[in-house]
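Please open the model in your viewer and keep the selection panel at hand. The tour below moves from one selection to the next.

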Amino acid sequence: MAEVEINAVSKAFGKAQAVSGLSLTVGDGEFVALLGPTGAGKTTALRLIAGLERPDCGSIRIDGRDVTGDAPADRDVAFVFQQYSLYPHLTVFENMAFALRAPTRRVPEADIRAKVQEVARLLHIESKLHNKATQLSGGQMQRVAIGRALVRSPSIYLMDEPLSSLDAKLRGELRLELKRIQVDLGATILYVTHDQTEAMTMASRIGVIEAGRLMQIGSPREIYENPVNAHVAARLGQPTINLLPAALFAGVPAGVETIGARTEHLTIGRGGGDVSATVKRVEHLGDQSHLHLDLGGRPVVTLADPEAGLGAGDEVSLRLNKPLFFDAKGWRVAA
Amino acid sequence: MTSATTAHSVVEPSAATRRFAGSLVVLYAVITMIPLVWIMLTAFKSPDDAISYPPKVMFKPSLEGFCNLFTTRSRQTPDFIRSLGPPQGLCDSIARSRNMVVAGPSNYVPRFVNSLIIAFGSTVLAVALGTLSAYGFSRFRVPLKDDLLFFILSTRMMPPIAVAIPIYLMYRTVGLSDTRLGMILLYTSVNVSLAVWLLKGFIDEIPREYEEAAMIDGYTRFQAFVKVVLPQATTGIAATAIFCLIFAWNEYAFAVLLTSGNAQTAPPFIPIIIGEGGQDWPAVAAGTTLFLVPIVVFTVLLRKHLLRGITFGAVRK
């Protein structure tokens, strides 16, 4: 395990700027998640670190060594691909042993056997070791893909949405397992995802990436409570933060164009609030309800107590409770 | 199981359609098989049965065709033949019944060996070169890639025989006329364009992520190619190899033009048999029947790959 340092790295594909001026340090033993929408440049960032792409400018250092021009094989990184990418002509065992059998590594066959067994036990796929990689369920394939990386002890594990193609239940289970394994091994992981729950629950730090730029990096709590701009604020929170024109409310600070209001920033009452809104629809999710409101023609989504007994057409009053303020360009303005 | 007891999707053909399609396939197979069966039957006929009219379907099988294929014979007077000792083997006794004696082996075996060496040699070369260039075209940003691919394909657009005379003159100058190496190079150059195009289709289908994974796992690109790409391209390689082999094996025009005593292949040799001692159709048929064997064996060995190969990769792109 080692520290990975990316310094002002940019990469364009033709006219499309995939990553611009990305600087990021992943500390030894740290779990950093890159969170962003599809096409934000998250995968390109991983591929640059792995050496699958050459940066247009900037440098990448692993464990203090400049690896910017090195071949992937010389960088000592492990990669978990989104689509598993298990070698279809090999068995599960051979897939997991593949990296250890690389000609440059010369790991004795007995050690390979022991290591693969150990990782397979960790991931609960021991009974599948002699199956063809193509004869597994999606969840098992994903475990093998992770296992293929775990048999090595690289400087850093690079994981590209490794759980995205799994169903919700399995994703939840593997999320816990992955975090447990990371803590047990003290592994350094850079994890790319568009799923805020994965980022919030597993990462020690989250980097929010948007249009190839790193918008903000910090602890999950910091990112959630103190977003630098509206983009970052919109990445986290369920339901998504409501971005409302400041003109709808009285008494906002000067220069504020947009008010960001999450569920916890909104108090719903039956009169006596700052503004009034109409209930358009109530979505019952069991433990909670999503309340869709109409506020002067603007949609607002918030959580409501299922016991509140609100229905479509009801008038409610809204009161803001320490919301987030943004200027005309979406940057945060201090309250 | 009938369609009434199984789930039946509307996109699946009905049982009647299936039976109709099946009988069409059988009919087509029968029609294409008739000449083959005819040749094989003729190979076992006596020369008289072979040219009898109406044609005989039932006849007394004879190995005379095969004997005439493998031997040369000389005509002798009955008195001379009677003065010889007992016939040496089956072919000698057949020859003697026609007032001839076996003079020695024919050229069929050496020609057949030439065919084997040239066809398999050029197939191996064409597939090896084709796989490497197809991989290059599939994976790397090659300048003028589309133009190069079109150029490679365009070599197949004219009949190969259109360049026969220039090639004949070139081969005579560089000393490749009537050599096995010359024929191997010629058939390789014709086949390599087919191989590049077929194999590029197959390699394009193999996700790059496998190689990327292997390269991160500590392999060089070439090692990743050998360990990951080749095993997954076997279907395409097998299908391509069969197409290349069939072309090289059957090729007639260049073989007639460029080979004679030394590197002659079986296709130009087989028709020559007919000139030796009358219209010897059974010998020609025997030569043709044996000539089919290597292709049949090779295709049967690779049939599992071939079927998948023709129906997938090659067609999809």
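Which domains does the domain assignment of chain B give? The assignment gives domain 1 (47–106) and domain 2 (109–316), with bounds that come from an automatic or database domain assignment. This is a predicted model, in which local features need pLDDT of at least 70 and side-chain atom pairs count only at pLDDT 80 or more, while totals for chains, interfaces and linings use all residues. Residues are numbered from 1 along each chain as its sequence is written, and chains are lettered from A and ligands numbered from 1 in the order in which they are written.

Colour the two domains of chain B separately: their C-alpha centres lie 39 Å apart. The contact between them takes 10 residues from domain 1 of chain B and 11 residues from domain 2 of chain B, where contact requires C-beta atoms, placed from the backbone, to lie within 7 Å. On the domain 1 side, select helix 2 (47–50) and helix 3 (64–70) of chain B, the elements that give two or more residues; helices are DSSP runs of H or I with at least four residues, strands are E runs with at least two, and both are numbered from the N terminus. Helix 3 of chain B gives the most to this side, with 5 residues.

Next, select strand 13 (residues 266–269) of chain A, whose covered face holds Leu266(A) and Ile268(A), and whose uncovered face holds Thr267(A) and Gly269(A). Finish at Gly269(A), which stands opposite Ser317(A) in strand 17 of chain A.

Conventions. Buried ≥ 20, exposed ≤ 12 C-beta atoms within 10 Å, placed from the backbone. Pairing = 2+ DSSP bridges. Contact = placed C-beta atoms within 7 Å.
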